[in-house]
Amino acid sequence: MKNKLPASFLLLFFLLPLSGEEIKHKIKVMATIFPLYDFSGQIGGRFVQAELLIPAGVDIHHFEPRPKQMQRISEAELFVFCHRRLEVWADRLISKNKKGIILEAGAGLEQNLSDDTNKNNRNQKQFDPHFWLDLRYAIEMAERIKKALEKILPEEKNYFQQNFNRLAAELKALDQAFSSKLAGCRKQVLYYSGHQAFGYLQRRYHLQFQSIYGLSPDSEPSARQLAAFIRNIREQKISVLFFEPMISSQVTQTIVAETGVRLLPLHPGASVSRDQLLSGKTFLQLMEENFKNLLQGLGCE
Ligand SMILES: [Zn+2]
């Protein structure tokens, strides 16, 4: 029994904080979509308790918080959302003059993408909120979160800055890889069985998306649009179809059955599954997976 430790020692061990330093102030952050949640947690580290507002599998384009969720938002010291034209209900919070910081992380990043998004798409003039898929904008959004955290806990400014620098360097490296590697692909047009979320990505990296859904995943294609999409795939001799992992696969399965295309996932990044959330999946990992699949599916050097 010589390995048995005294009970008092064990108790002491569990009571000691792992870092050896007690965190007096954990900033409560409520973020609407996954990239903002992930950036808050990564930059805030041990000083942040981040919560994701929009649950897995819920369409971010049509989400409305229930009164209980509104209550949780009002308790947060930092409420971070993407853009008032995506989370339109956030206006109510801003006008109520809430106590905590309200951050519109994508303010001013909107672009008029109507010229270079899908020409055939019926939704081309609508607002496109998917800024985070241009990795330079993702860095910008992360920096705004860092500044908000600094305001709340100025004494940890250096810590937040270090974490931000690490995250920004990783995102920048991936942005550069996107820019240099995607230019050498055999194909620049890709077919996507998902919603039109990649306007900013295609603009930054000179790709062309043909998406079967409109700007939000509930804008399902009509039978006629689906038939035209399938006809295009056949005519252009497309062998790979990219698909959106978080939406119904019925449309995708129909296209596969009709054309025999091989499937590769391409993730819009706005929300993840419950399992991915619990396992600590990061936005960067999702984008790295996208990158690998793009290289493979577009036949890049
Ligand atoms: Zn979307």
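Student: Which residues does G297 touch, not counting those up to four places away in sequence?

Tutor: G297 touches L190, V240, F242 and L264. Touching, or contact, needs C-beta atoms, placed from the backbone, within 7 Å. This is a predicted model: local features need pLDDT of at least 70, side-chain atom pairs count only at pLDDT 80 or more, and totals for chains, interfaces and linings use all residues. Residues are numbered from 1 along each chain as its sequence is written.

Student: Why is G297 called buried?

Tutor: Count its C-beta neighbours. G297 has 23 of them inside 10 Å. Buried takes 20 or more other C-beta atoms within 10 Å, exposed 12 or fewer, and partly exposed lies in between. So G297 counts as buried. G297 lies in helix α11.

Student: What does helix α11 pack on?

Tutor: First, the sheet itself. Its 4 strands form an open sheet in the order β6-β5-β7-β8, with parallel pairing. Helices (H or I, at least four residues) and strands (E, at least two) are DSSP runs, numbered from the N terminus. Helix α11 (residues 283-297) packs on this sheet and touches β5 (189-193), β7 and β8. The direction of α11 makes about 155 degrees with that of β8.

Student: How do you know that β7 and β8 pair?

Tutor: Pairing takes at least two DSSP bridges between two strands. Strand β7 (residues 240-243) is joined to β8 by 4 bridges, and the two run parallel. So β7 and β8 pass the test. F243 stands opposite P265 in β8.

Student: What makes β2 and β4 edge strands in the other sheet?

Tutor: That open sheet has 4 strands in the order β2-β1-β3-β4, with parallel pairing. β2 (48-52) and β4 (101-104) each have a single partner strand, so one side of each is left without a neighbour in the sheet. The twist averages 20 degrees from one strand to the next. Helix α2 (residues 34-44) packs on the sheet and touches β1, β2 and β3 (78-81).

Student: Why are helices α8 and α9 called oblique to each other?

Tutor: Look at the angle. α8 (residues 223-235) and α9 (residues 250-259) pack at about 40 degrees, with their axes 10 Å apart. Axes are lines fitted to C-alpha atoms, for helices over the stretch in contact, and angles run from 0 to 180 degrees between N-to-C directions. Under 35 degrees is roughly parallel, over 145 roughly antiparallel, 65 to 115 roughly perpendicular, and the rest oblique. The pair is therefore oblique.

Student: Which residues make the contact between α8 and α9?

Tutor: From α8 come L226, F229, I230, I233 and R234. From α9 come V251, T254, I255, E258 and T259.

Student: What makes H206 and K237 worth a look?

Tutor: Their phi. Most residues other than glycine have a negative phi. H206 is not a glycine, yet its phi is positive, about 55 degrees. K237 is not a glycine either, and its phi is about 50 degrees. H206 sits in the loop between α7 (199-205) and β6. K237 is in the loop between α8 and β7.

Technical notes. Contact = placed C-beta atoms within 7 Å.
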